[in-house]
Amino acid sequence: MPINPSELEQMSGPPRSQDAPPFCVGCGYDLTGAVSERCPECGQVFVRKEWHDRVAAIKRRMLEVEDANNWAAFGLKGACGGLLLLILCVIVRTGMSVSFFRIVAGILGAMAILMGLGVLRAGSLPEWARERLPQPPRKDIVSGALLVGAVDVALAIFGPF
Ligand SMILES: [Zn+2]
């Protein structure tokens, strides 16, 4: 089975700054082998040390976005589970289990919303970094997590059962 490089990187722990790809933080131009401290593409001057740290920070955030997709998917599953519990509440109607299920469903819904919102961090990335994301933010999964999560919370609090 082929292993993709970003998976390999995730397995080997958080990226170290010396692993940072030599990209211009201004325009994303590949600065491998650049001799001067000025980007040949956009003219941005960079101090090598600072530039190293900034690229490393951006790269860390890129990995966080990848994780965020997984968290959003996880949150969506939880929120769907919460919805099932609420449907169960409607069927069962009375008893202790109903209030317990409501609380659990509400918590699952709130967690789905939080996990879905984590993907918004991608918005703070510069455009060139967003273009290079191995896995762009999954808007479908995120909106699913937010939507089902919100329905869970609303039903858990205001549900007429
Ligand atoms: Zn540049």
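This briefing describes the helical architecture, packing and core of the structure above.

The model is predicted: local features require pLDDT of at least 70 and side-chain atom pairs count only at pLDDT 80 or more, while totals for chains, interfaces and linings use all residues. Residues are numbered from 1 along each chain as its sequence is written. The protein chain holds five helices and zero strands, where helices (H or I, at least four residues) and strands (E, at least two) are DSSP runs numbered from the N terminus. Along the sequence the pattern reads α-α-α-α-α.

- Of the 161 residues in the protein chain, 30% are buried; a residue is buried if 20 or more other C-beta atoms lie within 10 Å of its own, exposed if 12 or fewer, and partly exposed in between, with C-beta atoms placed from the backbone.
- Among contacts in the protein chain with a separation of 6 or more, 74% join residues 24 or more positions apart; two residues are in contact if their C-beta atoms, placed from the backbone, lie within 7 Å.

**Helix geometry**

- The 45 residues of α2 should span 66 Å at 1.5 Å a residue, and the end C-alpha atoms, 65 Å apart, agree with this; the expected span is 1.5 Å times one less than the number of residues.
- Arginine 93, which follows α2, has a positive phi near 75 degrees.

**Packing of α2 against α5**

- Helix α2 (residues 48–92) packs with helix α5 (residues 139–158) at an angle of about 30 degrees, their axes being 8 Å apart; axes are lines fitted to C-alpha atoms, for helices over the stretch in contact, and angles run from 0 to 180 degrees between N-to-C directions.
- The α2–α5 crossing is left-handed, that is, the near helix is turned anticlockwise from the far one by less than a right angle.
- On the α2 side the contact includes Asn69, Ala72, Leu76 and Leu86, and on the α5 side it includes Ile141, Ala145, Val148 and Asp152.
- The residues of this contact comprise 14 nonpolar, five polar and one charged; Ala, Val, Leu, Ile, Met, Phe, Trp, Tyr, Cys and Pro count as nonpolar, Asp, Glu, Lys and Arg as charged, and the others, Gly among them, as polar.
- Among the buried residues of α5 are Ile141, Ala145, Val148 and Asp152.

**Nonpolar core**

- The largest nonpolar core has 33 residues, and Ala72, Leu76, Leu86, Ala112 and Ala145 have the most contacts inside it; such a core is a set of buried Ala, Val, Leu, Ile, Met, Phe, Trp, Tyr and Cys residues joined through C-beta atoms within 7 Å.
- At least two residues of this core come from each of α2, α3 (96–117) and α5, and α2 gives the most, with 13 residues.
- Leaving out residues up to four places away in sequence, Leucine 76 touches Ala112, Ile141, Gly144, Ala145 and Val148.

**Individual positions**

- Valine 119, in the loop between α3 and α4 (127–132), is buried because 24 other C-beta atoms lie within 10 Å.
- Beyond its neighbours within four places in sequence, valine 119 contacts Val65, Ala68, Asn69, Ala72, Pro137 and Val142.
- Glutamate 127 lies in helix α4 and counts as exposed because it has 9 C-beta neighbours inside 10 Å.
- The C-alpha atoms of glutamate 127 and cysteine 27 are separated by 8.2 Å, although these residues are 100 residues apart along the chain.
- Alanine 154, in helix α5, is partly exposed, with 13 other C-beta atoms within 10 Å.
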